[in-house]
Amino acid sequence: MSTFLQFLFGGLVSGAIFALIALGWVLIYNVSGVLNLAQGEFVMIGALVFVEMRSGHDLPVAVSIVGAVAITVAVAVVLDIAILRRLRNDQMVPMVLVTVGASVVLREIAQEIFGKDPLRTKPLLDGDPFSVGGATVLPHTLLLWASVVVLVALLTLFFARSLVGKAMRACHENALGAQVVGVSPQRMRTAAFALSAALGAVAGVLIVPVTSMSWNGGTALGLKGFVAATFGGLGSLPGAVVGGIAIGIIEALAAGYVSSAYKDVFATLVLLALLLARPQGLLGASQRDERVGGGLVPRLGALLRARTVGGARDGAPPQRAVKDGTSTQGENT
Amino acid sequence: MRKSLPVSALVVLSVAALGACGDDDSGSSATTKAAATTVATSAAPTTAAATAAASTTAAATTVAPKPGPPIKIGAVLSVTGPGSSLGAQQKNTLEMLTEQLNAAGGFKGRKVELKVADDQSNPDRAVEQTRALIQEFKPTAIVGASLSGSCLATKPVTQEAGVLQYCLSAANIPTPAPLYFSAQSPLGAWIGNLPFEYFKEKGFKKIGCLASDDASGQLTVGVLKPAAKGAGIELFTENFNIADVDVSAQLTRLRDKGLDAMYVCTSGTGVVTVLQGMKQLGINLPTWIGSGSASLPVAALIKDLLPSKGVLTGGEKIQVYEALPADDPQAKQIQAFATAYQAKFNSRPDLFAASAADAFTILLTAIEGAGEGANTAAVAKYMEDKVEYTGVQLTYNFTPEDHRGTGLSGIVVEFTDKGAFKFVKQFKTVTDYVAAGSK
């Protein structure tokens, strides 16, 4: 039991971080349809600015956290206003490419400012590990979990109650409709970038004492967050949290009970299986469910039909997986 | 018969003196003069294009000193990118040595021209940069690359162009190419034999290895498996992804094996994640860190995470240069170099700087020794036959079969809570457990 708890705690640490990053992906995606591939760089900037302020300039922890979040948000807002808004073309692909470029530029700038070596600072709550049901936890870990819970709660409140939150949701549901009632999707996208940068920065602040961070250390974390967001259903905020935590726990249990050499493979397999069964992800929008029917068996049936018939009958299927299936079929025949 | 090289030692000394210039006028001028005299007496330029066969051992000392053409050394280093903690120090070192040699009148009267290119820690880029250097700068020798991957990628380019290459990483050289040399201790000895010598001495029976799934981790595991077998020690391995933020599941599995010591089979930031997990689980074991992490940036990173049983690694003398015994044959060079480096760049030189300094001096010695106009094959031959060098990092003695020319310093160092290294002990001999276990 204590071993299981220990694995679970490990999974919850990774999971909480993945959840924060996944939320950042979903926020921007929902409002603007952009997949922001510089998401991991927000984590990196938050972490490095925090270390620089706290350890490099001996500033109080609270000031350093606020500074790290503020600077990361500023970077994200500049990225959106100065570059993304200037794109004539509002299509997804050019915007995604811009974020790829931004991630490279941000990494290089970070390398110039913070140097090439990884940086680290002391845990926010220092101290010896204590025992919970036979498993051990570090004080910093508790703080990490508490912060993530509080952030998710605040975010829920923000979307349920605040005007800006509601306006962002409106953009997600119908951008044109939102514009008609006086909401600017462009501004909402900037707000989404700011919020998601803040979440990334907090994730950076929380993990930099645990793992350290260097100029190129954000990218892999960003991708983990994307996987988590997809797992939970890209477009669903609760899904991002559940997806993040699920990926973290699956990896930890796989490493603990199966084999640590294949834990990433295991997590990817679970993701693949899930996407086959529910292409919209764990908590993705449910109206898509009705069109193809939920569950693994009908889903596979639909895929097979698409393959044998050539997909012509399907018209324009809304699901990616089906589209891919038909196009592969088209190439084969 | 081999000719030892006091001059190269003096180069370093005079460099140190120049570096300290201004603090101590009388001292520095004395040293410079001493260096100058030595150069004048022992290093008459051999104008004869000596193909440096064994018969020309006795250098022609009758020719009056006159400045020869400049010696051109190129360098392809990982100045930026993931390998930059190596390459930046190496660039510093080469530039410092060149500048100070030229200020003192060159290497035995010949000016040194240096051109450093950055491969951005990318083997493809290293190949491009090497080609460009060879075409535009036309160096006699190229120092680099910093990383194994780039060394192996550029090797065919230099060998085809007939340019001497001195790789700074511990990359394996299965069959030495004629113009390809390589620095550092053999990797297997460094990360496999030395720690197991230490484990055996301590009577350890079970070692746990937590390895990252990238090249550095898997390379380490590949060496540790035969080493453990050869040493008769049980090895348990778990893996993690270098981007993981938590490895407590893997550590729980290892903890339950009843280990005597831990081996952290990764480099860079992975070490932090592992040590943090050990702290969380209360695993207080003697811990060995792979030599890829035996660097000062890593030491600074983990200074508050050290288990009280100690964190050890295979080190080099330069990391503990203040604490070297006075009778150590390398002590003078190392201290002179380290002091000069520290004065100029306001940071401690690491072993990467030391290997670059040695490569540079060895190449200059061989190029100058082989004489003006000698082709690179003759220079390589000179290195194999005549160069025996007590360097800043190690001592070197090349043969046609051994283009690394060096063994193992056998030094074990401990990470301190000040972010530095502490000398633990030196093994005079280290058994080759990797070879024993590979059979």
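**Helix packing and a chain interface**

Let's start with helix H2 (residues 39-56) and helix H3 (residues 61-83) of chain A, which pack at an angle of about 145 degrees, their axes 8 Å apart. Keep in mind as you look around that this is a predicted model. Where the two helices meet, H2(A) passes H3(A) in a right-handed crossing.

Zoom in on the residues that make this contact. From H2(A) come A:Phe42, A:Ile45, A:Gly46, A:Val49, A:Phe50, A:Met53 and A:Arg54. H3(A) contributes residues including A:Val61, A:Ile65, A:Ala68, A:Ile71, A:Thr72 and A:Val75. An α-helix has 3.6 residues a turn, so residues three or four places apart point the same way. Sorted by class, the contact of H2(A) with H3(A) has 13 nonpolar, four polar and one charged residues.

Next, follow chain A along to helix H10 (residues 237-258). With 22 residues at 1.5 Å a residue, H10 of chain A should span 32 Å, and the 30 Å between its end C-alpha atoms agrees with that. Of those 22 residues, 17 are buried, so H10(A) is largely enclosed by the rest of the structure.

H10 also brings us to the partner chain. Here 33 residues of chain A are in contact with 30 residues of chain B. On the side of chain A that touches chain B, helix H1 (2-32), helix H8 (185-211), helix H9 (218-232) and H10 each supply at least two residues. H1(A) gives the most to this side, with eight residues. By class, the residues on this side of chain A divide into 14 nonpolar, 13 polar and six charged.

Conventions. Residues numbered from 1 in each chain as written. Chains lettered and ligands numbered in written order. Predicted model: local features only at pLDDT ≥ 70, side-chain atom pairs only at ≥ 80, totals over all residues. Helix = DSSP H or I, 4+ residues; strand = E, 2+ residues; numbered from the N terminus. Expected span 1.5 Å × (residues − 1). Buried ≥ 20, exposed ≤ 12 C-beta atoms within 10 Å, placed from the backbone. Contact = placed C-beta atoms within 7 Å. Nonpolar A, V, L, I, M, F, W, Y, C, P; charged D, E, K, R; others polar. Axes fitted to C-alpha atoms, helices over the stretch in contact; angles between N-to-C directions. Left-handed = near helix turned anticlockwise from the far one by under 90°.
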